[in-house]
Amino acid sequence: MNAAFWILSAITVIGAVLAVTLRNLVHCVLSLILFFLGIAAHYFLLRADFIGAVQILIYIGAVAVLILFAIMLTHNVTGTEGPREVLGGKWWSGLATAGILGVVIWWAIYKDQIAAALPSNQKAQSSVLEIGRALMSEWVVPFEIMAVLLTAALIGAVVIALEEVMRRR
Amino acid sequence: MSIPLGHYLVLSGLLFVIGLCGALTRKNAIIVLIAIEIMFNAGILNLIVFWHYKEFAVLTAQMFTIFAISIAAAESAIGLALVIAIYRHYKSVDVDEMQSLKG
């Protein structure tokens, strides 16, 4: 488990760094898929099997493909721009903000030594059967609200994306 | 030899900072959305980590994760639809060029 954690963490962090630094947008999305796979593998390592499968299905299967479609619809994918065209104005202040937040997070974790040293729980496990039962009994109201939200998001996305096309007719 | 909780917290914090860095420095609106997805995943990872280390008998963390992932999917669909609408209007997806609120 120890070696697996370090290898997967390295893959995940490299995927995340490449996803926000590469010039070519398609390469960014491919790195993002690597990052999503790393996170899913972490879920499997933490014995949350169902969440890992959901991560692969939704993020890699839906979100990454959606982003790829958006890139193809909006941008020329050649993307050989200089650093000035890639970075927004005042990028150094954004970098400083992220750096300060990173130091604060690291300090907060470092300060609580007892919690940070909590050993891994070998007994943890989850079953899809239990999750399904809970979704259909205790969590049925949030589940239905989620269905309404997803329908609203679907209709809203179509309306927003097609607004100007409909106005032209 | 098992991994202590702190390692996962540091990993998740690092991923969040990487995502924030990308969201604040990049110019392309689609990369900003990608960076927001990275931050979202770093946050969700924490839920599962705390479930594994502390509350593995209760399913609340898994339910929250499922709902958070669904909301993230809806959010990215709306975000990309907005990016496409803005591209039609401005012929560009640079966040620096979106400076007017109306028209």
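Helices here are DSSP runs of H or I with at least four residues, numbered from the N terminus. The model is predicted: local features need pLDDT of at least 70, side-chain atom pairs count only at pLDDT 80 or more, and totals for chains, interfaces and linings use all residues. Residues are numbered from 1 along each chain as its sequence is written, and chains are lettered from A in the order in which they are written.

**Exercise 1. Describe the length, bend and burial of α8(A).**

Step 1. The expected span of a helix is 1.5 Å times one less than its number of residues.
Step 2. Of the 29 residues of α8(A), 2 are buried, and the helix is hardly covered.

**Exercise 2. Find how chain A is divided and what its side of the contact with chain B consists of.**

Step 1. Chain A has domain 1 (2-126) and domain 2 (127-169), with bounds from an automatic or database domain assignment.
Step 2. Taken over C-alpha atoms, the centres of these two domains of chain A are 25 Å apart.
Step 3. Two residues are in contact if their C-beta atoms, placed from the backbone, lie within 7 Å. Chain A gives 72 residues to the contact and chain B gives 63 residues.
Step 4. Helices of chain A that each supply at least two residues to its side include α1 (2-21), α2 (25-45) and α8 (140-168). The largest share, 12 residues, is from α3(A).
Step 5. Sort the residues by type: Ala, Val, Leu, Ile, Met, Phe, Trp, Tyr, Cys and Pro count as nonpolar, Asp, Glu, Lys and Arg as charged, and the others, Gly among them, as polar. The side of chain A that touches chain B then has 51 nonpolar, 16 polar and 5 charged residues.

**Exercise 3. Identify the largest nonpolar core and follow one of its residues.**

Step 1. A nonpolar core is a set of buried Ala, Val, Leu, Ile, Met, Phe, Trp, Tyr and Cys residues joined through C-beta atoms within 7 Å.
Step 2. The largest such core has 62 residues, and Ile67(A), Ile30(B), Ile34(B), Ile38(B) and Ile48(B) have the most contacts inside it.
Step 3. Two or more residues come from each of α1, α2, α3 and α8 of chain A and α1 (5-25), α2 (29-53) and α3 (60-90) of chain B. The largest share is that of α2(B), with 16 residues.
Step 4. Apart from neighbours within four places in sequence, Ile30(B) touches Leu25(A), Ile67(A), Ala70(A), Ile71(A), Val83(B) and Val93(B).

**Exercise 4. Trace α3(B) and what its buried residues pack against.**

Step 1. α3(B) has 31 residues and spans 44 Å between its first and last C-alpha, close to the expected 45 Å.
Step 2. Its buried residues include Ala61(B), Ile69(B), Gly79(B) and Val83(B).
Step 3. The buried residues of α3(B) pack against α3, α7 and α8 of chain A and against α2 of chain B.
Step 4. Lys91(B) follows α3(B) and has a positive phi, near 55°.

**Exercise 5. Locate Arg47(A) and comment on its phi.**

Step 1. Arg47(A) sits in the loop between α2 and α3 of chain A.
Step 2. Most residues other than glycine have a negative phi. The phi of Arg47(A) is positive, near 65°.
Step 3. Arg47(A) is partly exposed because 19 other C-beta atoms lie within 10 Å.

Methods
Bend = angle between axes of the 7 residues up to and from the residue. Buried ≥ 20, exposed ≤ 12 C-beta atoms within 10 Å, placed from the backbone.
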